[in-house]
Amino acid sequence: MSDDLRCMLREGTRDLHQALDRRMGEFMKWGEAGYGRFLEDHARVLPAVESALSRSQLPGALGDWPSRTRTESLRLDLASLGRAMPDAAPFQEPASFHVGVGMLYTLEGSRLGGAWLLREVERRLPTCTRATRFLKHGLAERHWTGFLRWMEEIPADPRDRDHAVEGARAVFQAYLAVLDRRLPSPAAC
């Protein structure tokens, strides 16, 4: 797929990515309660997307899929904050392999933001450092760069690229839908 797919995915999701970054960054204003809400918001989407991808062709093609899943890390972090795992929003299995590649692009790309957020949590919310498994997950293994190398090897025509963008946008939209239903400020921890 090469760099042109990566560029298409970046450009095709830029609007949603920017909107999500702005909205997710709000949690830092609310301290530990906000961080707990941030993890809950992820727990409403990520497990459903991982489950949908697990039922697709992607795990067999990717090879290291089990090491990439972060649902358990979210559950452990929420438990560290005394919170239960919320119900996940439903998410449909990818309609094609390339839709799944786009979905995974969004999940794997979130690791980059997670590394930045980890530094912010350590600096601004030290009481929450006991609950950072989700943000740390896969950083040492360099999952993002491994994903990019894997994606470069996948043949794709223009329609496949469009399907990948469709999958990536669907994940961003699922996160934004969760945030749209969220109260203006989180409940106390």
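User: What should I know about the model before we start?
Analyst: It is predicted: local features need pLDDT of at least 70, side-chain atom pairs count only at pLDDT 80 or more, and totals for chains, interfaces and linings use all residues. Residues are numbered from 1 along each chain as its sequence is written, and side-chain values use heavy atoms, without hydrogens and water.

User: What volume does the largest pocket have?
Analyst: About 590 Å³. A pocket is an open set of points on a 1 Å grid over the protein atoms alone, with protein on both sides within 12 Å along at least five of seven lines. Volume is the space filled by probe spheres set on the points, which are joined across faces, edges and corners.

User: Which residues lie nearest its centre?
Analyst: His-17, Asp-21, Gly-109, Ser-110 and Gly-113, out of 27 lining residues. Lining residues have an atom within 4 Å of a point.

User: Which helix gives the largest share of that lining?
Analyst: H7, with 10 residues. Helices are DSSP runs (H or I, at least four residues), numbered from the N terminus.

User: Switching to the largest cavity, what is its volume?
Analyst: About 40 Å³. A cavity is a set of points where a 1.4 Å probe fits but cannot get out. H7 gives four residues, the largest share of the cavity lining.

User: And Glu-120, buried or exposed?
Analyst: Glu-120 is buried, because its relative accessible area is 11% (buried is under 20%, exposed over 50%, partly exposed in between; 1.4 Å probe, protein chains only). Glu-120 sits in H7.

Note on methods: Helices (H or I, at least four residues) and strands (E, at least two) are DSSP runs, numbered from the N terminus.
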